[in-house]
Number of protein chains: 2
Amino acid sequence: MGQVRIKDIAERAGVSIGTVDRVLHNRGRVSESAAKRVKEAISTLNYNPNLMARSLANGKRYRIATIIPNSDNDDFWKAQRKGIQKATEYMLNYGFEIVNYEFNDQKPRVLLDLMNHFFSEQYDGLLIAPTLKDEGIKFLNACDLHNLPYVQINSYINRSGQYAIGYVGQDSFQSGLLAAKLLDISIDPNGGLLIIHMEKETTTGPHMLKKEQGFEQYFCSSNNGSRNIVKLWISDYRDQKILRLHLEDYLNRFKNISGIFVTTSRCHHIARALLSIGREDLVVIGFDLIEENIDVLKDYKRLFLINQNPVLQGYYGLMNFFDLFLKKNLIIEKRYLPLDIVTFENAQNYIHGES
Amino acid sequence: MGQVRIKDIAERAGVSIGTVDRVLHNRGRVSESAAKRVKEAISTLNYNPNLMARSLANGKRYRIATIIPNSDNDDFWKAQRKGIQKATEYMLNYGFEIVNYEFNDQKPRVLLDLMNHFFSEQYDGLLIAPTLKDEGIKFLNACDLHNLPYVQINSYINRSGQYAIGYVGQDSFQSGLLAAKLLDISIDPNGGLLIIHMEKETTTGPHMLKKEQGFEQYFCSSNNGSRNIVKLWISDYRDQKILRLHLEDYLNRFKNISGIFVTTSRCHHIARALLSIGREDLVVIGFDLIEENIDVLKDYKRLFLINQNPVLQGYYGLMNFFDLFLKKNLIIEKRYLPLDIVTFENAQNYIHGES
DNA sequence: TATGAAAATGTGTGCGTGCACATTATTTTT
DNA sequence: AAAAATAATGTGCACGCACACATTTTCATA
């Protein structure tokens, strides 16, 4: 059987295509008996609308804006952009027009400036990565005001209302749990653990915080023994020498540390430092498949990276609008991406990873 | 600002849409001067063909057959089927017609019987999972004879010729390496390893063999120390009592075993048995996210499942034909799916897992 | 210059759908 | 029972394109 068309349904239900159309779009003006027959035909024939014909016929154009942090010097956001690009190519054929904006993660003002002229453009949807919480909230409030549906990616701001139509991103808490499990299994039962936060700013981001919470939660569970956990904040991670001394000193002070959980993507600095001070016995967990991390995987055996396919994040995020406008699926759901555990032996498949 | 149509080009070039069409498709029968004007209009107006209208109009139909093992009582093949279904829905809009066949994995005759009438149908492509090697070869030979392009999924039979257009599946050797790495990191440096093959038949399947080879290869590498490795074949794994005694006996004989590598998806039997004899200290590696394995994950902490997204296998396999016929990409390539490491804490995302 | 073939160009139909509008059936009101 | 109002259903066109076919133009030859 080839494509099932509206015409086929009409024939099977003994009505005209106009009636089928009314049923499909809930336009009313259909008798109960006819509606029933049509619905039956739709399900028995397993009808799927031809989206091309649909979008060709109704000829609507949808303008979607995307706003994410600047991706020029950042592998992670570059990957997100790649996913957005892939979805864009797909959606272009269906009457979508995608306009991309970027903002500087470090300069909250830039996002607010953008907001000033953003709403003078007519958009039908917004894909946004609200990494800056305060400014993000302001932006989303403005969206509600302008009746603009939005999908959040990567960072989640808890929202209700009809315009908050989706979230695609990471489950940071869960990734903390996972990191704890990995360390718990792979190190000595008596070994201690070290959590390292590496960030330029002195504040601890919400993602990092949730990761830490998940990590600690794991050892509160009854069937997992408790562990000795210490924490370390590092902001000047770029100077290898300082880092090395810092780390060496710390490991000497807490002799029984045998696993390290780095809550950001900067774990390659730690792995390199450990290599140079000859402490490759430590198991390290870090995040994200950025280039430096991929490099260090082959040198540092006991390293696991937790990856949340950023390409797919951008891709699914944008595709939400495709579903919303073309498939008429109004899905108000959080969608978490798989927590991929990556080590040297399975890294290759994830790297080019459209998956 | 809106979509540029061939009609717009025609107007600007002072010709009819028929002439534009001929230029676009190099059909000839156009005067040089007209062709020049049309080409100029195309570039100045920055024309991009509307792919929807194109495929809608062009109306070519491609018939693709799929042949995989019976999926009624098998989670793995059910997932493959799901991926095939997803690709089918996508491709339907582009004029593809997909016809599904299944065969009984245990009865080679069924596949041969199918072959008898299969080629009387006119297909443009075949997606096949040649799990039965001998019969698979016969089938593929017949494909060559009938000029039928084919894509293999899951199992690979080495073939050349213009009709072998792709393979999507597992990298068994690599998954063996990965299993070894996981065990190597997570167990005591002096701990021994046990490889368990669980299969009804007495022969060891090619996948299992390659997994074993990869596993052993890991410990031949210079920077990974060598390990004591013993092997066990189990065919009557359904009787829990026998299995338990069997295992208990074996673990007593080889006292230092601290990690187990099960080369099939039946590792849940092992994990259950270990639970009942109180040996949850052992780290177990197994394969596939089938229901029994997912269940046992929450009870058995030291279990890792290696998953090769079967949904995507079916999906990508079929989509090869989309690329072949619509994008005209003739890709003769092996495509390996990511080796997902799955444990209790990250299982959920992979389960529903279109990913 | 008339003729006919070949080259160049134009026209019409259909793909599956959405939507406006036309038509028919049913119910309500007078 | 006829007229009017409303509910139910059917029809036709457009979307942008490909392709078959119809028509016009060109040009060599008689």
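**DNA contacts, chain contact and a parallel sheet segment**

Of the 27 residues around DNA strand C, Ala53(A), Ala57(A), Ser16(B), Gly18(B) and Ala57(B) come nearest. Here a residue is near a molecule or strand if its C-beta atom, placed from the backbone, lies within 6 Å of it. Two or more residues each come from α2 (17-24) and α4 (51-58) of chain A, and from α2 (17-24) and α4 (51-58) of chain B. Helices (H or I, at least four residues) and strands (E, at least two) are DSSP runs, numbered from the N terminus. The most is given by α4(A), with five residues. By class, the surface near DNA strand C holds twelve nonpolar, ten polar and five charged residues. Ala, Val, Leu, Ile, Met, Phe, Trp, Tyr, Cys and Pro count as nonpolar; Asp, Glu, Lys and Arg count as charged; the others, Gly among them, count as polar.

The model is predicted: local features need pLDDT of at least 70, side-chain atom pairs count only at pLDDT 80 or more, and totals for chains, interfaces and linings use all residues. Residues are numbered from 1 along each chain as its sequence is written, while chains are lettered from A and ligands numbered from 1 in the order in which they are written.

Around DNA strand D there are 27 residues, of which Ser16(A), Gly18(A), Arg5(B), Ala53(B) and Ala57(B) come nearest. Elements giving two or more residues to this surface are α2 and α4 of chain A and α2 and α4 of chain B. Here α4(B) gives the most, with five residues. The classes near DNA strand D are twelve nonpolar, ten polar and five charged residues.

Chains A and B also touch. Each side of the contact is built from 31 residues, two residues being in contact if their C-beta atoms, placed from the backbone, lie within 7 Å. On chain A, at least two residues each come from α4, α8 (172-186), β12 (340-342) and α14 (344-351). The most comes from α8(A), with six residues. This side has 15 nonpolar, twelve polar and four charged residues.

Within chain A, strand β3 (residues 125-128) is covered on both faces. Gly125(A) and Leu127(A) on one side and Leu126(A) and Ile128(A) on the other are all buried (20 or more other C-beta atoms within 10 Å of the residue's own, all placed from the backbone). Strand β1 (residues 62-69) of chain A runs parallel to β3(A), joined by four bridges; strands pair if DSSP finds at least two bridges between them. Ile64(A) stands opposite Gly125(A). Three bridges join β3(A) to the parallel strand β4 (residues 150-154) of chain A. There, Gln152(A) is the bridge partner of Ile128(A).

Conventions
Buried ≥ 20, exposed ≤ 12 C-beta atoms within 10 Å, placed from the backbone.
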